[in-house]
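Good morning, and thank you for making time for this item.

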Amino acid sequence: RTCRRQLREQSPKAAHHEGMSSDDELTAEEGAEFQKSKDNILEDSRKIFEDVHADFCDIRKILLKFQEWKEKFPDSYCDAYISFCLPKLLNPLIRVQLLNWNPLEVGMIFQRNFTDVEEMPWFRAVEEFSDAKNLSES
């Protein structure tokens, strides 16, 4: 820490505010390496579901199938304990959508800005399914 302080004092262009830690700051090289690694992961994540039929990699379509099942065969739907199965079923799809989301900053998820989880398409789909579930039960 003393070494960094001395380097800051000797460097005329270093903008440092007293009390602010420089321990968490990344060097330009580390930042570029992190960004490259992050970009590679996001690129790979886009390929995860490319060989999956569209009906089974879209949360809205999956939930629609469950809603149809519930309406056509309510006894079977109830016996299958779907409320316990859905989180495990949707988990991989949601995780892929959350890869680039950072709750501490405005993130980009597949070229769209989302600042809040409630604004994300998967959340709205699950919320709509839950509301439909509550309406039909009442």
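**The pairing of α3 and α5**

Let me begin where two helices touch: from α3, residues I59, I62, L63, F66 and W69 make contact with I82, L86, L89, L90, L93, I94 and Q97 of α5. By class, the residues of this contact comprise eleven nonpolar, one polar and no charged. Please bear in mind that the model is predicted.

As to geometry, the axes of α3 and α5 come within 11 Å and cross at roughly 165 degrees. Angles over 145 degrees count as roughly antiparallel, and therefore α3 is roughly antiparallel to α5. The crossing of these two helices is right-handed.

Which residues have the most contacts inside the largest nonpolar core? They are I59, L63, F66, L86, L90, W122 and F129, in a core of 15 residues. At least two core residues come from each of α3 (59-72), α5 (82-98) and α6 (121-137). The greatest contribution is that of α5, with five residues.

L63 deserves a moment of its own. Leaving aside residues up to four places away in sequence, L63 touches L86, L90, A125, V126 and F129.

Finally, the chain as a whole. The protein chain has six helices and two strands, arranged from the N terminus as α-α-α-α-α-β-β-α. Of its 138 residues, 18% count as buried. Among contacts in the chain with a separation of 6 or more, 51% are between residues 24 or more positions apart.

Conventions
Residues numbered from 1 in each chain as written. Predicted model: local features only at pLDDT ≥ 70, side-chain atom pairs only at ≥ 80, totals over all residues. Heavy atoms only, no water. Core = buried A, V, L, I, M, F, W, Y, C linked by side-chain atoms within 4.5 Å. Buried < 20%, exposed > 50% of the residue type's maximum accessible area, 1.4 Å probe, protein only. Helix = DSSP H or I, 4+ residues; strand = E, 2+ residues; numbered from the N terminus. Contact = heavy atoms within 4.5 Å. Axes fitted to C-alpha atoms, helices over the stretch in contact; angles between N-to-C directions. Parallel < 35°, antiparallel > 145°, perpendicular 65-115°, else oblique. Left-handed = near helix turned anticlockwise from the far one by under 90°. Nonpolar A, V, L, I, M, F, W, Y, C, P; charged D, E, K, R; others polar.
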